[in-house]
Amino acid sequence: MNAEPSGKPQNFIREIIENSVAGGASVHTRFPPEPNGHLHIGHAKAMCIDFGFAKEFGGKCNLRFDDTNPAKEDMEYVEAIQRDVRWLGFDWDDRLFFASDYFERMFELAVELIRKGKAYVCDQTPEEIREYRGSLTEPGRKSPFRNRSIEENLDLFERMRTGEFEDGSKTLRAKIDMTAPNLNLRDPVMYRIVRFDHYRLGDSWRVYPTYDWAHGIEDSIEGITFSLCDLDFENHRPLYDWFLSELDIHHPRQIEFARLNLSYTVMSKRKLMSLVESGMVSDWDDPRMPTLSGLRRRGVPPEAIRSFCETIGVTKVNSLSDIALFEHCVRDVLNKTAPRVMAVIDPLKVVIVNYPEDAADDELDAVNNPEDPSAGTRKVPFSKTLYIERSDFMIDPPKKFFRLGPGREVRLRYAYFIRCVDYVQNEEGEVVELRCEYDPETRGGNAPDGRKVKATLHWVSAEHAIDAEVRLYDRLFLKERPDAPGDDSDFREYLNPDSFKALCGCKLEPSLKNADPDITYQFERLGYFRPDCVDHSSESPVFNRTISLRDSWAKAKGKT
RNA sequence: UGCCCGGUGGUGUAAUGGCAGCACGAGUGGUUCUGGCCCAUUUAGUCAAGGUUCGAGUCCUUGCCGGGCAGCCA
């Protein structure tokens, strides 16, 4: 495989940049979110591209809030977005910018365009503009206001700015070509009257620039060389280019790539918002959400998100990435880094009948991370009464079930071999207690006589255990593409009713008393878990399941 | 029936006219004090038809299929 020196697979944007850099170009990109919602994993892809290429080529990447629509934007989002960008691992140094800081300059440039006879004030209503625009197959017609004098345009535009006219009563439009096959070139609106206070600038403006007019200027002012954006803006590139060349100012190159789609979730801000507003999830940071705040709360390490973005590549193909690939990236990082601990989430009491009542403290050495010897070991207390996982015992085990059953012997991890000699059921027939014998010779987990067991179980000493709530999360939707085009049903019909399940009375090994809220742990044989950033405390621990371990037993069981 | 973009295993991608690779998933086997990890192995692909060429996934033509575009959203 032909890999770049960086070790990254080639893609079309890197190729373009490489060629430009070979010709002496520098690399300066920007990540330009609108502060009207929270960042999600789709934005993470964009950030990996924007910040990633800048870093790779020794350039810079700005963080710029594209806040040209006061009706939707808020400071709350500005702060949340910065927090998320930092968390993901990107740094904009001192290059934090706001489109709204360029409003004055944009206005001057608009005046310049009017003076050139390339922009005019139009009195058409939104309906008229739409009607005059024509259709996909028919050319548009010129606005009756298209030939106003430059003086009149200048006067009107100035008065629009100061709030003399009603919202929507006038616009400033670029004079391009009403018959252009690309609809974006049919005299697009550059300014609209919106007498709405801006979250940063208050009431100083009564006209606001549209994206098409503003974005290229923002890029130009900042000296951006590559303006990377998603495919939605492909049809807008001719307009981006038209404005910049008419203005004759620094002209970045816009390159579009396909945005991320992930199976079993939705990505649009509108849809995520509707999940929040309908109460189907608790908030933007619900651990099931594909938002960065949700993933963080879930326990996903930022490194996993970055490696996922690296793995899916950069193309112009509209694709649907398999969430299984994302899950793989999460497990891959966590497997190498997560400290191992033992926790029983569905406890079944076990009494070691031949274990002395008055035994001295019995502490065993447990490995913190078999993938990382430097993580060391810890002590885990053993005692006469323990808990094991309910699913690790069966009265009548099927053929390939290796765990505990009547008369069977298994190993308790890092502790002893135990054999089940009896079990106790309640009136409902539910097993409520196991009675086992241990072999003192197997202390530490190995038999001196060399005999083997087929299973190793995790366990927690009852008297030492910490009680905890454990929250199990799963994919938010049952359907691969909940919002597939052509499907008229509401995407929310496909919500996975089992995507969240809270378990109480779970038993944790005592070392978790001091669980670090910023660490995702592996509960051995179960999965990865992180203290909930909102509800967890050392007095009443709450852990969120980030992701389960791969489970070939569950898979085999499911097949029968 | 206008304009723009795109079609490589189930999924995501690489191959820049020269052996179609990689990762995920799925299957099988091995190993194992986590039914995890790891290792080995199997499965499976260039939308179609022409053309250029010694040679085409790659270049050209036509067709087919998919996506986007008619906000005073971004």
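Reader: Which residue does Arg259 form a salt bridge with?
Author: Arg259 forms a salt bridge with Asp232, and the closest N and O atoms are 3.7 Å apart. Arg259 sits in the loop between strand 9 and helix 9 (269-277), and Asp232 in the loop between strand 8 (226-230) and helix 8 (237-247), so the pair ties together parts that are 27 residues apart in sequence. A salt bridge here is a side-chain nitrogen of Lys or Arg within 4 Å of a carboxyl oxygen of Asp or Glu. Helices (H or I, at least four residues) and strands (E, at least two) are DSSP runs, numbered from the N terminus.

Reader: And what kind of model is this?
Author: It is a predicted model, in which local features need pLDDT of at least 70 and side-chain atom pairs count only at pLDDT 80 or more, while totals for chains, interfaces and linings use all residues. Residues are numbered from 1 along each chain as its sequence is written, chains are lettered from A and ligands numbered from 1 in the order in which they are written, and side-chain values use heavy atoms, with hydrogens and water left out.

Reader: Is Arg259 buried, exposed or in between?
Author: Arg259 counts as partly exposed, at 45% relative accessibility. Asp232 is partly exposed as well, with a relative accessible area of 46%. Buried means under 20% relative accessible area, exposed over 50%, and partly exposed in between (1.4 Å probe, protein chains only).

Reader: How many salt bridges does the rule count?
Author: The count comes to 51 salt bridges. One of them joins Arg451 and Asp439, at 2.9 Å from N to O. Arg451 lies in the loop between strand 18 (431-439) and strand 19 (456-457), and Asp439 in strand 18, so the pair ties together parts that are twelve residues apart in sequence. Arg451 is partly exposed at 27% relative accessible area, whereas Asp439 is buried at 16%.

Reader: What else does Arg297 touch?
Author: Leaving out residues up to four places away in sequence, the residues that Arg297 touches include Pro287, Arg530, Cys533, Val534 and Asn544. Contact means heavy atoms within 4.5 Å.

Reader: Changing topic: what domains does chain A have?
Author: The assignment gives domain 1 (12-257), domain 2 (269-340 + 468-556) and domain 3 (343-458). These bounds come from an automatic or database domain assignment.

Reader: How much area do domain 1 and domain 2 bury between them?
Author: They bury about 2,100 Å², 70% of it on carbon and sulfur atoms. On the side of domain 1, His38, Ile41 and Trp87 supply 33% of the area buried against domain 2, more than any other three residues. Buried area is the accessible area (1.4 Å probe) that two parts lose on being put together, summed over both.

Reader: How many salt bridges and polar pairs cross that interface?
Author: The rule finds three salt bridges across it, and six residue pairs in polar contact, both residues at pLDDT 80 or more. The elements that give two or more residues to the side of domain 1 touching domain 2 are helix 1 (12-22), helix 2 (41-56), helix 3 (75-88) and strand 9 (253-257). Helix 2 gives the largest share, seven residues.

Reader: How long is helix 2, and how covered?
Author: Helix 2 has 16 residues and reaches 21 Å from its first C-alpha to its last, close to the 22 Å expected. The expected span is 1.5 Å times one less than the number of residues. Helix 2 is mostly covered, with 14 of its 16 residues buried.

Reader: Which residue follows helix 2?
Author: Gly58 follows helix 2, and its phi is positive, near 70°.

Methods: A polar contact is a pair of N or O atoms within 3.5 Å; within protein, one must be able to donate a hydrogen and the other to accept it, and residues adjacent in sequence count only if both atoms are side-chain atoms.
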